[in-house]
Amino acid sequence: VNIFLGRTDNAESFYKQALSLDPANIDALVNLGVLLTQTGRGEAAVKEYRRAISLQPSNVDALSNLGSLLLDLGDPATSLETYREAILLAPEKAHLNFNLGNSLLHNGQVPEAIAAFQKA
């Protein structure tokens with residue numbers, strides 16, 4: 001709620017406090033990653049998403065968010081790997097197929113991108 005109301009300092013403080021009590025709190029890690037992304041701290045967000053994934057490799061939200069952020073940060077190859085992992089876990093998710101298509105386009109794999117877009 002704090003993020004949506006523009007109170008990012010409060011939200012960041014809340015997530016960090018939650019993580020001090022439970023460093024394996026996946027929701028806090030992913031939400032902190034979202035907040036860091038929204039406030040222009042992409043490299044810090046990557047670290048939080050990777051922490052979440054190391055604790056819960058099947059977390060599709062963390063994988064999806066990381067894939068999008070990596071693409072935004074100019075790392076299409078790693079973005080593509082990340083989306084492929086996410087698709088293996090949740091092939092039915094349309095947004096994952098769409099984002100995989102974007103990653104494929106940025107990697108110059110146009111036919112594969114078209115196929116991913118069609119699955120979306």
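The model is predicted, so local features need pLDDT of at least 70 and side-chain atom pairs pLDDT 80 or more, while totals for chains, interfaces and linings use all residues. Residue numbers start from 1 along each chain as written, and side-chain values use heavy atoms, leaving out hydrogens and water.

**Exercise 1.** Work out how helix α5 is oriented against helix α6.

*Solution.* 
- Start with the geometry: α5 (residues 76-89) and α6 (residues 94-106) pack at about 155°, their axes 9 Å apart. Axes are lines fitted to C-alpha atoms over the stretch in contact, and angles run from 0 to 180 degrees between N-to-C directions. Helices are DSSP runs (H or I, at least four residues).
- Now classify: α5 is roughly antiparallel to α6 (angles over 145 degrees count as such).

**Exercise 2.** Sort the aromatic pairs by their ring geometry.

*Solution.* 
- Count first: there are 2 pairs, taking rings of Phe, Tyr and Trp (its six-membered ring) with centres within 6.5 Å.
- Phe14 and Tyr15 have centres 5.6 Å apart and planes at 65°, so call them edge-to-face (over 60 degrees; under 30 is stacked and the rest tilted).
- Phe98 and Phe117 come out tilted, because their planes sit at 55°, with centres 5.3 Å apart.

Methods
Helix = DSSP H or I, 4+ residues; strand = E, 2+ residues; numbered from the N terminus. Parallel < 35°, antiparallel > 145°, perpendicular 65-115°, else oblique.
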